[in-house]
Amino acid sequence: MAGTGKAHLRDGGARLTVKDLVVEFRTKGDQRVQAVSGVSFDVLPGETLSIVGESGCGKSSVARAVMHLPAPTDGAVQLNALDLGSLDKKALRRSRVAMQIVFQDPVASLNPRRKVKDLVQEGASIWGRGTAKSRDRDAREVLDAVGLDPDVVWNRRPHELSGGQCQRVSIARALVMEPDLLICDEILSSLDVSIQAQMLNLLRETKAQRQLSMLFIAHDLAVVKNISDRILVMYLGKVCEVLDVEALDRPATHHPYTQLLLESVPTVGSSRVVPSKAPAGQDLPSPLNPPSGCRFRTRCPLATPRCAVEEPRLERKSDDQFIACHEVA
Amino acid sequence: MIKPLLHVRDLRTVFQTARGAVPAVAGVSFDLQAGETLGIVGESGSGKSVLGRTIMGLVAPSRTTAVHGTVEYDGTDLLQASPKRRRALLGAEIAMVFQDPLSSLNPVKRIGIHLTETLRQHRELSRSEARKRAVELLDMVRIPEAARRFDQYPHELSGGMRQRVMIAMALSCDPKLLIADEPTTALDVTVQRQVLDLLAVLCQERKMATILISHDLGIVSGRSDRVAVMYAGRIVESAAAEDFFRHQHHPYPRGLLASTPQLDSPARTVLTTVPGRPPDLARWRGGCHFSPRCPNVQERCRQFEPPVEQTTDGRTLACFHPVAPKGGEVNGRNR
């Protein structure tokens, strides 16, 4: 059960609790591939949990499974202590309003034919919230909050906006529903550095003002460190490490995969990088046929024969760090 | 002074669009010595890719495209050279690595064909000689089981491997100048590191001059001898890498650096941002292009475009009101 432990879950009070989440897809030839294999985590009110990992590690699948887009193959998703799996279609739709998701591609996720004012109000008008007048007012307020001038963008369509502006509209569209949980799936990766910094500050402020819980999916650890309270590192559908962001600010031992990610982040400075002449690292193994035991062992510098037979469990290393590894835990 | 390998003077690439003339590259000058690495950094729309493609001769002058200026490679002006002369140089002495390895490889051709095509064209090798050389090249970019990969199709390789194939293609004829346009943007961080390291080692071994184009200062940092930052088609500041990262005179590179999240800065650091967004080049009415976003803007900046000037410490700078370095400063960020 590599990285499937629940030692890192906290007792009660969580806004979102996910237990033993499994997401399975069918492939051609009736094979099954597990994108997510038994992942558990929780998010407290006002907390930001980031999920990091390489492409194909299942981080986006987790985000979609939490939204029930579609429902996960197995496992429990509890929002405000309500088990979403136990709800019928209508009740699920109703409770899903409390979770809003923003996707990676800011332009493709907006209907090109609709104006900003309609895009932002769409959710509220579907749910019949308030009057047309109050919805207008709310939309203006939230546009202002995400740093867009309502008078300028009100009647514009997505093609008249830049990528960063479209992403702001998407965030406004999510916030206007006053969600308890905001899920951000790689929302910064298509934006320029200066725009990305504006968005990071915006998200941090919004979260503080609204006591918003966030599930932030990203691949860039430097960005994640800037925005998160807690970080969950995923590899091939399993959890490697869960840590509070403060643990990155002190010298600490990490899961070898976390360590690899940390070392790969480009640093800015005047010192010269010494290129390693090591042979090409192994690519991500196929999730159709994941390695036995610990899934990271094929790329791990510390791997021992034990790692091939026995899956490590997430174990508490300190109050704010949980690691699933035989060698460093 | 040694004659530079690449000498670019006042290069301009202007596209005629329905909305008016867009000067994507608006007067760029720089020199590149043999074996030197120049990092060019800019955000989308700054003209960095068009600059690379113009040097490579991939932006051809036409009814809608005008290219002016000088691109002198080893004594030959590439913009004036005959098509035959250019074909002999491009791909052989000057090579390029593109951003997206999947769309740059032909999906219906085997990996090997991509490599042997260049070799047979420029080196006139026989089929079997070319194959032997191609397998060596795949081996050199550390692709495991090179001989088997030779007969595979691009979709059978991972993104990192495809980018290695692109590098092998570019290096097949031992170029003296390599232009790498966002070579790692489509890759995961772990793979990015490997590919950048590979490029650095190969450049060192072969004394190859490199232009490394990226939107990310972190990619260029530590891997370039000189750094040039582009904004709205111009190089607003360039300096030796060490000097550049110690202090930036131009407010744009300063802002860019301050808005890059750093792993070694404390958690939840509030980032200093550059407000606003880049200008619309087709509708520009004059003045410094950065003036609408600049914290130090003065009246003069709104009226006149600052000329690119050489400073005493070997930088080039296009700014009327540069930021002076403070004493004992180590780095230009987090302030």
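**View 1. Residues that join helix α7 and helix α8 of chain B.** In α7(B), the residues G159(B), G160(B), Q163(B), R164(B), I167(B) and L171(B) meet V191(B), Q194(B), V195(B), L198(B), L199(B) and L202(B) of α8(B), where two residues are in contact if their C-beta atoms, placed from the backbone, lie within 7 Å. By class, the residues of this contact divide into 7 nonpolar, 4 polar and 1 charged (Ala, Val, Leu, Ile, Met, Phe, Trp, Tyr, Cys and Pro count as nonpolar, Asp, Glu, Lys and Arg as charged, and the others, Gly among them, as polar). The model is predicted, with local features requiring pLDDT of at least 70 and side-chain atom pairs pLDDT 80 or more, whereas totals for chains, interfaces and linings use all residues. Residues are numbered from 1 along each chain as its sequence is written, and chains are lettered from A and ligands numbered from 1 in the order in which they are written.

**View 2. Packing geometry of α7(B) and α8(B).** Helix α7 of chain B (residues 159–171) packs with α8(B) at an angle of about 15 degrees, and their axes are 10 Å apart; axes are lines fitted to C-alpha atoms, for helices over the stretch in contact, and angles run from 0 to 180 degrees between N-to-C directions. The two helices, α7(B) and α8(B), are therefore roughly parallel to each other, a term for angles under 35 degrees. The crossing of α7(B) and α8(B) is right-handed, that is, the near helix is turned clockwise from the far one by less than a right angle.

**View 3. The contact between the two domains of chain B.** Chain B is divided into domain 1 (6–93 + 176–317) and domain 2 (102–172), with bounds from an automatic or database domain assignment. The contact takes 12 residues from domain 1 of chain B and 11 residues from domain 2 of chain B. On the side of domain 1 of chain B that touches domain 2 of chain B, helix α8 (residues 189–206) of chain B gives the most, with 6 residues, and this side has 10 nonpolar, 2 polar and no charged residues. Helices are DSSP runs (H or I, at least four residues), numbered from the N terminus.

**View 4. The side of chain B that touches chain A.** This contact takes 46 residues from chain B and 42 residues from chain A. The elements giving two or more residues to the chain B side are α8, α9 (217–220), α10 (241–246) and α11 (251–258) of chain B, and α8(B) gives the most, with 8 residues. By class, the side of chain B that touches chain A has 17 nonpolar, 17 polar and 12 charged residues.

Conventions:
Angles under 35 degrees count as roughly parallel, over 145 as roughly antiparallel, 65 to 115 as roughly perpendicular and the rest as oblique.
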